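These are my notebook entries on one predicted model. I set down what I looked up, entry by entry.

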Amino acid sequence: MLKEERQNIILEEIANNNKVHSNTLSKKLNVSEDTIRRDLKELSEIGHIKKVHGGAMANPTVPEAIASQKISDQGEHLIIAQKACSILENHKVIVMEGDESNLILAGILPPDFSATIFTNSLKVATRLFEYPNIETFMLGGKISRRSPVTSGLEVMDALADIHADICLLEASSLHHDIGMTDGDRERAQIKKKIISHSSDVITMCLSRRVGSIKPFKVDGLERITTLITELDEEDAQLGTFVNKGIKIV
């Protein structure tokens, strides 16, 4: 059994029972407890579960949409989040959305990381609360029925009073000519507003979303300063973005 298959079974067990025991999983999957402990450690680092003595339990801070993803996607988001973490500097004003990579990033920042961070995500804000040197501000507004993020005119108005050094946005679609697009009109408007009030725009995008186009325009490539994918920075798929002056991480 491949590691991804094994870890997906572990997640199914946690989804069904809310917790798992290492020795039980070891017998069920016919592998050593050391292997199970490594699996649980990896899943915990991704932020998908909460590791406890003797096993693991569901992580209450992970949105349902993320919890339902396969491990392969989570691994890609973790790579992106780790790259983003490596380039962030202390003492900056940052705007973070509530998408998958940002949620993972909010859990792997250095313990002494210092910043002022604005977010419209309840889950991101909850994770940032654990950092003593991060001043966290929630962008108020209506809480979405689909995911625990705020939206609406209140968020747009709050963004109008902010100037950020950096924004961290996750692109659901990124095209070489069209730029960043989104499948939700309101979300696209919020992303565009965030970009307009940020000096540096760090866009995080899974490679499988590169080249795709969705109905609602966010902004053109000229506003993106840095692009982070799970691919190696020298990958030929990213050459067009390099030619447009975008830094690849």
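**Entry 1. Cysteines.** I looked for disulfides, taking one to be a pair of cysteine sulfur atoms within 2.5 Å, and the count came to zero. I then checked C167, which is in no disulfide; the nearest cysteine sulfur to C167 belongs to C205 and is 14 Å away. Next I looked up accessibility, with buried meaning under 20% relative accessible area, exposed over 50%, and partly exposed in between (1.4 Å probe, protein chains only). C167 has 0% relative accessibility and therefore counts as buried. C205, at 0% relative accessibility, counts as buried as well.

**Entry 2. Conventions.** I note that residues are numbered from 1 along each chain as its sequence is written, and that side-chain values use heavy atoms, with hydrogens and water left out. As the model is predicted, local features need pLDDT of at least 70 and side-chain atom pairs count only at pLDDT 80 or more, while totals for chains, interfaces and linings use all residues. Helices (H or I, at least four residues) and strands (E, at least two) are DSSP runs, numbered from the N terminus.

**Entry 3. The sheet with β1.** I asked in what order the strands β1, β2 and β3 are arranged. The order is β1-β3-β2 in an open sheet of three strands with antiparallel pairing; two strands pair if DSSP finds at least two bridges between them. β1 (19-21) and β2 (49-52) stand at the edges with a single partner strand each, so one side of each has no neighbour in the sheet. From one strand to the next the twist averages 20°. For angles, axes are lines fitted to C-alpha atoms, for helices over the stretch in contact, and values run from 0 to 180 degrees between N-to-C directions.

I then examined the pairing of β2 with β3 (residues 55-58), which is antiparallel and extends over four bridges. V52 stands opposite G55 of β3. Helix α1 (residues 3-17) touches β1, β2 and β3, and its direction makes about 125° with that of β1. Helix α2 (residues 22-29) touches β1 and β3, at about 75° to the direction of β1.

**Entry 4. V20.** At 7% relative accessibility, V20 counts as buried. Leaving aside neighbours within four places in sequence, I found V20 in contact with I10, E13, I14, L25, L40, G54, G55 and A56. I also compared V20 with I49: the two are 29 residues apart in sequence and 10 Å apart in space, C-alpha to C-alpha.

**Entry 5. The sheet with β10.** I turned to a further open sheet of three strands, with the order β10-β11-β13 and antiparallel pairing. Here β10 (173-175) and β13 (216-219) are the edge strands; each has a single partner strand, so one side of each is left without a neighbour in the sheet. The twist averages 35° from one strand to the next.

β10 and β11 pair in the antiparallel sense over three bridges and form a hairpin with three residues between them. In this pair, L174 has M180 of β11 as its bridge partner. β11 (residues 179-182) also pairs antiparallel with β13, over three bridges. There I recorded K217 of β13 as the partner of T181, and F216 of β13 as that of D182. Helix α9 (residues 185-196) lies across β11 and β13 and runs at about 15° to β13.

**Entry 6. Helices α8 and α9.** How do two packed helices get described? The terms are the angle between their axes and the distance between the axes. For α8 (residues 153-160) and α9 I noted an angle of about 5° and axes 9 Å apart. This makes α8 roughly parallel to α9; angles under 35 degrees count as roughly parallel, over 145 as roughly antiparallel, 65 to 115 as roughly perpendicular and the rest as oblique. V155, M156, L159 and A160 of α8 meet Q189, I190, K193 and I194 of α9. The residues of this contact divide into six nonpolar, one polar and one charged. Ala, Val, Leu, Ile, Met, Phe, Trp, Tyr, Cys and Pro count as nonpolar, Asp, Glu, Lys and Arg as charged, and the others, Gly among them, as polar.

**Entry 7. Helix α6.** Lastly, I checked α6 (residues 100-108), which is mostly covered, with seven of its nine residues buried. The buried residues in α6 are E100, S101, N102, L103, I104, L105 and A106.

How values were computed. Contact means heavy atoms within 4.5 Å.
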